[in-house]
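Subject: Structure handover

Hello,

Here is the structure for your work. Please have the sequence and the coordinates open while you read; my notes follow them.

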Amino acid sequence: MTSTSLKLSVLIPSRSLHDPNLRRLLANLKRQTLQPSEIIIETQGNSEEAKALAIQRAQGEFLIFFCTDNELLDARYLETALALGQQPGIDGAYSERYTYLPSDTSLNRYFALLGDNEPLCWWLGRSDRQSAFGQSLDVPRKVTFTDATRLPSLGDNGFLCRASLVKPFVTNPATFGSCMDLWQTICDAKGQVTCYVFPSAIWHRTATAFWPFIRRRCHYVRSLYFDRRHTRRWHLVSGWHDGLKAAGYALASLLVVPQVFVALAGYYRLRDRAWGWHPLVCHTLTWVYLWLWARHHLKRVLSSVRISVPMTWRGA
């Protein structure tokens with residue numbers, strides 16, 4: 001194993017210390033060629049609040065974020081990420097892809113092929129990982145983002161960064177939002193964010209069954225994109241350009257056939273029947289998001305009615 005004078009903190013939000021997924025991740029970390037100086041498992045609050053609390057507790061010069069549904073099959077992952085992340089002028093480092101395993105469930109293979117657990121994010125070009133449609137890297141590549149409103153979904157699943165860069169922006173876990181909000185704030189403050197993307201992969205347990213995934217996604221979108229919208233800075237659909245692309249995605253998903261052609265293009269790229277999930281996932285999520293959008297705005301209308309009626313009565 002490699003030793004380093006730089007302190008590396010591994011941050012893991014978890015619902016329980018007894019989570020079997022957590023135990024697998026910890027076993028992966030023990031097999032890394034570079035051992036971290038500390039591993040912080042935070043169980044307080046929701047997953048985003050737990051990340052903020054872990055950032056505040058961390059003592060390392062560098063932080064790397066994992067979820068309990070991650071597994072590290074590359075034994076040099078921490079070593080590679082830290083070697084790149086400590087380079088001058090670099091704000092972060094993360095792997096190019098999610099691990100694709102032929103032995104995995106077909107639904108999880110599909111998300112690994114897509115490079116995201118959200119087809120709309122991929123459609124808008126906001127994914128932080130490469131899909132099977134892109135070319136694989138041979139060497140690490142430096143990428144610079146200058147438009148804070150167009151940042152990909154940075155900050156999770158094996159993302160490494162400097163503690164001194166993020167800690168000043170994490171003051172209140174209750175208003176933390178998400179790692180994506182954090183990096184948009186940092187990009188606004190610095191004017192740009194520069195990262196290394198390196199040719200490695202991290203396994204992500206996105207979904208093993210369709211309906212449980214849809215239910216989790218519904219809860220995630222409702223709580224993070226609608227109920228907590230006032231605390232968010234990073235928005236998946238940002239500006240009129242994204243709005244037009246999102247409308248095109250919704251139309252293609254509701255019609256189904258255009259997304260079938262996307263799936264066929266993916267199958268031509270890498271012959272796996274897991275691509276067959278693409279039209280169904282897009283079609284179902286589009287209806288879910290339309291329902292959540294209508295529900296959110298209906299609640300706002302009803303809330304305004306409840307407020308205005310008593311005021312009118314008192315005035316009479």
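The largest nonpolar core has 61 residues, and those with the most contacts inside it are Ile55, Leu63 and Trp183. Helix α8 (residues 210-227) supplies the largest share of this core, 7 residues. Another core, of 25 residues, lies apart from it, with Leu34, Phe66, Tyr98 and Tyr196 among its members. Bear in mind that this is a predicted model. As a general point, nonpolar side chains in soluble globular proteins tend to be buried together.

Strand β3

Leu63 belongs to strand β3 (residues 62-65), which is covered on both faces. Phe62 and Ile64 are buried on one side, and Leu63 and Phe65 are buried on the other. In a regular strand the side chains alternate between the two faces of the sheet.

β3 has pairing partners in β1 and β7. With strand β1 (residues 8-13) the pairing is parallel, over 4 bridges, and the bridge partner of Leu11 is Phe65 in β3. With β7 the pairing is antiparallel, again with 4 bridges, and Leu63 stands opposite Cys161 of β7. Leaving aside neighbours within four places in sequence, Leu63 is in contact with Leu8, Ser9, Leu11, Ile55, Ala58, Phe159, Leu160, Cys161, Ala163 and Val166.

Helix α2

The buried residues of helix α2 (residues 47-57) are Glu48, Ala50, Lys51, Ala52, Ala54 and Ile55. Note that Glu48 and Lys51 are on that list. The elements covering these buried residues include β1, β2 (38-42), β3, α6 (163-166), α7 (179-190) and α8. At the N-terminal end, α2 is capped by Asn46: a side-chain oxygen of Asn46 lies 3.0 Å from the backbone nitrogen of Glu48.

Glycine 155

Where is glycine 155 found? Glycine 155 is in the loop between β6 (141-145) and β7 (159-162). Not counting residues up to four places away in sequence, glycine 155 touches Phe65, Cys179 and Trp183. Of these, Phe65 is a residue of β3, and Trp183 is one of the residues with the most contacts inside the largest core. The C-alpha atoms of glycine 155 and Phe145, 10 residues apart along the chain, are separated by 14 Å.

Asparagine 21

Asn21 sits in helix α1 (residues 20-30). Its relative accessible area is 18%, so Asn21 counts as buried. The side chains of Asn21 and Arg24 are joined by a polar contact of 2.3 Å. Beyond its neighbours within four places in sequence, Asn21 is in contact with Thr68 and Arg205.

Helix α10

Helix α10 (residues 257-269) has 13 residues. From its first C-alpha to its last, α10 reaches 19 Å, close to the 18 Å expected at 1.5 Å a residue. Its buried residues are Gln259, Val262, Ala263 and Gly266. Viewed down the axis of α10, the buried residues fall within an arc of 100 degrees, so they line one face of the helix. An α-helix has 3.6 residues a turn, so residues three or four places apart point the same way. Phe261 and Tyr268, on the other side of α10, are exposed.

Regards

Notes:
Residues are numbered from 1 along each chain as its sequence is written. This is a predicted model: local features need pLDDT of at least 70, side-chain atom pairs count only at pLDDT 80 or more; totals for chains, interfaces and linings use all residues. Side-chain values use heavy atoms; hydrogens and water are left out. Helices (H or I, at least four residues) and strands (E, at least two) are DSSP runs, numbered from the N terminus. Contact means heavy atoms within 4.5 Å. A nonpolar core is a set of buried Ala, Val, Leu, Ile, Met, Phe, Trp, Tyr and Cys residues joined through side-chain atoms within 4.5 Å. Buried means under 20% relative accessible area, exposed over 50%, partly exposed in between (1.4 Å probe, protein chains only). The expected span of a helix is 1.5 Å times one less than its number of residues. The arc is that of the directions from the helix axis to the C-beta atoms. A polar contact is a pair of N or O atoms within 3.5 Å; within protein, one must be able to donate a hydrogen and the other to accept it, and residues adjacent in sequence count only if both atoms are side-chain atoms. Two strands pair if DSSP finds at least two bridges between them.
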